[in-house]
Amino acid sequence: MDKYIREAIHCLILTVVLIVGMSVSSLGAVAEVANSNPVASHSQQEIKSYYMEHTFDLEREDVWEVAPDAGAGIEGVLSEESQKNMLNALNFARYVAGLNEVSLAKDYTKKAQAGAELLSATGTLSHYPARPDNMSAAFYYQAIQGLKRSNIAAGYKVGADAVMSGWMKDGNTSKMTKLGNRRWILDPDMKYTGFGRAKGYTLMYSFDGYNQNQSYDADYIAWPAVNMPSKYFSGKWSIQLNPAKYGDSEDITVEVKDMNGENVTILDKSEKKKLQYDYQSEGSYGRSNAIIFDPSVSTEAGSSYQVSVRGLKDPSGKAVKDLVYEVHFFDIDQTQVAESKQESPKSQSKKETAAVMKKDETVGKDGNAQDERVTDEGRWEQVDGKWRFISSTGEVLRNKWARLYNPYALEKKDKYGWYRFDQYGDMMVGWYKDTDGTWYYLNKNTDGTLGSMATGWHKEANGNLYYFNSTNEMILGSMATGWQWIEDNGVKKCYYFYPKSDGFQGFLMKSTQANSCTVNENGEWTVDGVVQTM
């Protein structure tokens with residue numbers, strides 16, 4: 001293991017990213033610049049929903065379907081699950097930053113995997129290691145094609161950890177770096193990538209967007225982003241500027257104002273350890289031109305800042321307006337801020353439930369209506385593409401659950417459903433965590449069930465299965481965790497749902513051991529291969 005890079009106690013990452021001559025077009029977005037076009041931003045709830053739908057694990061070690069063997073000319077094949085784990089981490093960072101998703105490309109994956117195996121064989125962290133005597137020229141060529149076009153890292157047990165803790169952090173926090181690895185990850189031109197892993201070495205093919213000159217017309221890409229999960233940010237701050245709109249400048253200053261207090265941090269280029277402007281007229285690191293700075297402020301959840309960049313110039317040298325944007329750090333495990341006590345559907349008061357039903361309707365002990373007559377006590381209304389419910393008194397339902405009639409339902413069983421409204425009165429969709437820590441899923445489907453609380457089985461886009469309680473034995477609609485007996489066609493079977501709150505909570509475990517018990521490929525508890533029922 002001495003051959004592996006293990007400097008210090010923590011993982012080592014080498015920010016050795018090639019600087020290449022390239023002509024780069026437009027880039028990411030900044031407010032308050034003349035004719036600015038801001039980069040896409042996502043709300044905290046949208047980020048949380050994306051996070052739950054594209055889970056990744058920074059501790060689950062990667063596995064191979066085909067073990068790498070450089071001497072035999074075999075680059076190896078990572079399992080589909082391991083590749084998806086790294087890809088989800090990469091796309092999560094890009095989504096938070098307001099960028100498009102990328103996909104895996106087989107050619108890039110083969111080159112990256114060969115490159116990782118070459119690093120493992122030589123015990124070095126370099127884009128151009130020497131060819132070992134027992135390695136064929138063809139394998140070496142493929143490996144170098146991967147290495148010279150990739151982010152590289154050493155010492156990480158999990159590839160996804162190299163993405164989030166390595167390349168996105170990108171360097172020792174006590175030193176000012178160019179953050180080249182992060183800037184490649186946040187390249188707006190990237191559409192495809194590939195990953196490689198071998199004995200602690202990790203590669204991510206980065207040059208897919210190289211010299212693509214695509215029509216990305218935003219002005220800047222900021223990290224931390226406008227809405228930033230605090231647990232996934234560390235290191236220096238960066239703003240990647242659009243070289244078509246910003247040129248070189250010696251007079252840049254950055255002001256970071258605490259929006260929760262009166263503290264203001266002002267940085268200029270005289271403090272090289274606190275601020276630098278990496279201006280590359282020929283381009284590098286995914287996108288040329290980046291302001292890199294260290295305001296040394298708290299990044300804990302609840303912290304909010306206004307960032308103002310002054311002294312910017314366009315490519316002709318003419319002064320432009322200040323670049324101004326906000327950064328809000330939040331706890332990704334609790335994205336919804338309550339204005340009042342939030343109740344679960346089962347505990348919702350009869351008084352609130354009755355307020356959105358006809359007065360002559362009866363209400364069961366669980367708060368559910370016993371018939372399905374149309375309410376004349378309120379109406380649905382769409383405002384700026386979002387749905388709200390207005391009561392007969394004109395009140396907009398805010399920050400509460402309500403069981404409502406759905407006039408758009410296609411099936412009778414969907415005519416009434418539970419809905420959750422945020423503090424602005426907008427109907428919520430996707431994953432939602434109540435103040436008591438209970439998870440729910442509010443349908444995203446535009447099939448007449450949009451926004452209604454899910455019960456029963458639910459399958460995410462990534463293939464993970466979840467179960468939401470459909471009876472009053474537990475809180476109606478709450479996500480199941482741990483061992484659960486679930487009835488289907490009169491027969492109960494026992495399933496195990498991942499219990500830990502680490503981004504994977506609630507998904508159905510399959511083909512594994514859980515608490516010394518076995519579950520099969522369908523997630524059913526078995527003893528000696530026999531599915532247990534009751």
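Biologist: Leaving aside its neighbours within four places in sequence, which residues is histidine 458 in contact with?
Modeller: First, this is a predicted model, where local features need pLDDT of at least 70, side-chain atom pairs count only at 80 or more, and totals for chains, interfaces and linings use all residues. Residues are numbered from 1 along each chain as its sequence is written, and side-chain values use heavy atoms, with hydrogens and water left out. Taking contact as heavy atoms within 4.5 Å, histidine 458 has these partners beyond four places: Tyr441, Asn464, Leu465, Tyr466 and Phe468.

Biologist: Is histidine 458 buried or exposed?
Modeller: This histidine sits in strand E23, residues 456–459 (a strand is a DSSP run of E, at least two residues, numbered from the N terminus). Buried means under 20% relative accessible area with a 1.4 Å probe and protein chains only, while exposed means over 50% and partly exposed is in between. Because its relative accessibility is 12%, histidine 458 counts as buried.

Biologist: Which side chain makes a polar contact with the side chain of histidine 458?
Modeller: We want N or O atoms within 3.5 Å, one able to donate a hydrogen and the other to accept it; residues adjacent in sequence count only if both atoms are side-chain atoms. At 2.8 Å, the partner is the side chain of glutamate 460.

Biologist: What is the bridge partner of lysine 257 in E12?
Modeller: Strand E11 (residues 253–258) runs antiparallel to E12, joined by 5 bridges. For lysine 257, the E12 partner is valine 264.

Terms used. Two strands pair if DSSP finds at least two bridges between them. Helices (H or I, at least four residues) and strands (E, at least two) are DSSP runs, numbered from the N terminus.
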